[in-house]
Amino acid sequence: HGNIWYPVVDGNYVYYLDVENNYRLCRYSLSQNEIQVLTQDRVDCFNLGSGYLYYQKNGSQPQLRFMRTDGSDDTMLAEGNFTHINITSRYVYFQPFGEEDTIYHSAIGSTVYNLFNPDNVLRQAHDENPAGHTIRRDLFFNMIKSLAQYRHSVSIRQRIKNCLSVP
């Protein structure tokens, strides 16, 4: 069905960037053999999970936007250029383009976002850790930075567990 880029299968649909039409975001129904254009905007990158699709709109007014996976409720989350969009079951994480040490996060479907602070997550993980493990901050922060390199959803809780060390 033309020249596609970055195909992602989710259930009965394939989400992709339509290269021949200015990298607009589309989805293809495997069962109905139909294409649905989700946005006419030029899209740099996207990710989907937890019933939502997050994408970076390109152009004179770049924005990080999100919508439901059926294309409804298209909403702006942040103005500017963002990349490394990662989605967990509860949060979306993203970085300003060109800033390796800055990570923002937002609850899925929310229009509010905040600077992601690994120390807060470390404190929460420590409070929830009845086995008395300690978490090496350097390993944890490197894990969070590497998380931004992944394309698909990653369980942060599992990666936190991987950073645990027995005292």
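**Salt bridges, cores and rings**

Start with aspartate 74. Its relative accessible area is 33%, so aspartate 74 is partly exposed. The model is a predicted one. Every value below is therefore computed from predicted coordinates.

Aspartate 74 has a charged partner. Its side chain meets that of arginine 65 in a salt bridge, with N to O at 3.3 Å. Arginine 65 has a relative accessibility of 15%. Buried means under 20%, so arginine 65 counts as buried.

How many salt bridges does a search of the whole structure find? The search gives 3. Another of them pairs arginine 68 with aspartate 73, where the closest N and O atoms are 2.9 Å apart. Here arginine 68 is partly exposed, at 35% relative accessibility. Aspartate 73 is partly exposed as well, at 48%. The limit for exposed is over 50%, so aspartate 73 stays in the partly exposed class. There is also a bridge between arginine 24 and aspartate 18, at 3.1 Å from N to O. Are arginine 24 and aspartate 18 buried or exposed? Both are buried.

Now step back to the whole chain. The protein chain contains 3 helices and 14 strands. It has 167 residues, and 41% of them count as buried. Its accessible surface is about 9200 Å². Carbon and sulfur atoms account for 46% of that surface. Take the contacts between residues at least 6 apart in sequence: 33% of them join residues at least 24 apart.

The largest nonpolar core holds 13 residues. Tyr54, Leu64, Leu77, Ile85, Val92, Phe94 and Ile108 have the most contacts inside it. Which elements give two or more residues to this core? They are β6 (52-57), β7 (63-68), β8 (75-79), β9 (82-87) and β10 (91-96). Strand β9 gives the most, with 3 residues. A second, separate core has 11 residues, among them Leu38, Phe46, Tyr55 and Met67.

Leucine 77 is then in contact with Tyr54, Leu64, Val92 and Phe94, among others.

Alanine 78 comes next in the chain. Its place is in strand β8. Its relative accessibility is 2%, so alanine 78 counts as buried. Which residues does alanine 78 touch, not counting those up to four places away in sequence? They are Gln63, Leu64 and Tyr113. Glutamine 56 lies 22 residues from alanine 78 along the chain, and their C-alpha atoms are separated by 9.5 Å.

Finally, the rings. The count comes to 12 aromatic pairs. In one of them, the ring centres of tyrosine 13 and tyrosine 15 are 6.3 Å apart. Their planes meet at 50°, so the pair is tilted. Tyrosine 13 is partly exposed, with a relative accessible area of 26%. Tyrosine 15 is buried, at 1% relative accessibility. Tyrosine 13 also has a charged group over its face: arginine 27, at 3.7 Å from the ring centre.

Phenylalanine 82 and tyrosine 104 form another aromatic pair, this one edge-to-face. The rings are 6.5 Å apart centre to centre, with 80° between the planes. This pair links distant parts of the chain, 22 residues apart. Phenylalanine 82 is in strand β9, while tyrosine 104 is in strand β11 (residues 104-107). At 7% relative accessibility, phenylalanine 82 is buried. Tyrosine 104 is partly exposed, with a relative accessible area of 22%. The limit for buried is under 20%, so tyrosine 104 does not count as buried.

Phe82, Phe94, Tyr104 and Tyr113 form one aromatic cluster.

Methods
Residues are numbered from 1 along each chain as its sequence is written. This is a predicted model: local features need pLDDT of at least 70, side-chain atom pairs count only at pLDDT 80 or more; totals for chains, interfaces and linings use all residues. Side-chain values use heavy atoms; hydrogens and water are left out. A salt bridge is a side-chain nitrogen of Lys or Arg within 4 Å of a carboxyl oxygen of Asp or Glu. Buried means under 20% relative accessible area, exposed over 50%, partly exposed in between (1.4 Å probe, protein chains only). A nonpolar core is a set of buried Ala, Val, Leu, Ile, Met, Phe, Trp, Tyr and Cys residues joined through side-chain atoms within 4.5 Å. Helices (H or I, at least four residues) and strands (E, at least two) are DSSP runs, numbered from the N terminus. Contact means heavy atoms within 4.5 Å. Accessible areas come from the Shrake-Rupley method with a 1.4 Å probe; for residues, only the protein chains shown count as cover. Rings of Phe, Tyr and Trp (its six-membered ring) pair if their centres lie within 6.5 Å; planes under 30 degrees apart count as stacked, over 60 as edge-to-face and the rest as tilted. A charge sits over a ring if NZ of Lys or CZ of Arg is within 6 Å of the ring centre and within 35 degrees of the ring normal.
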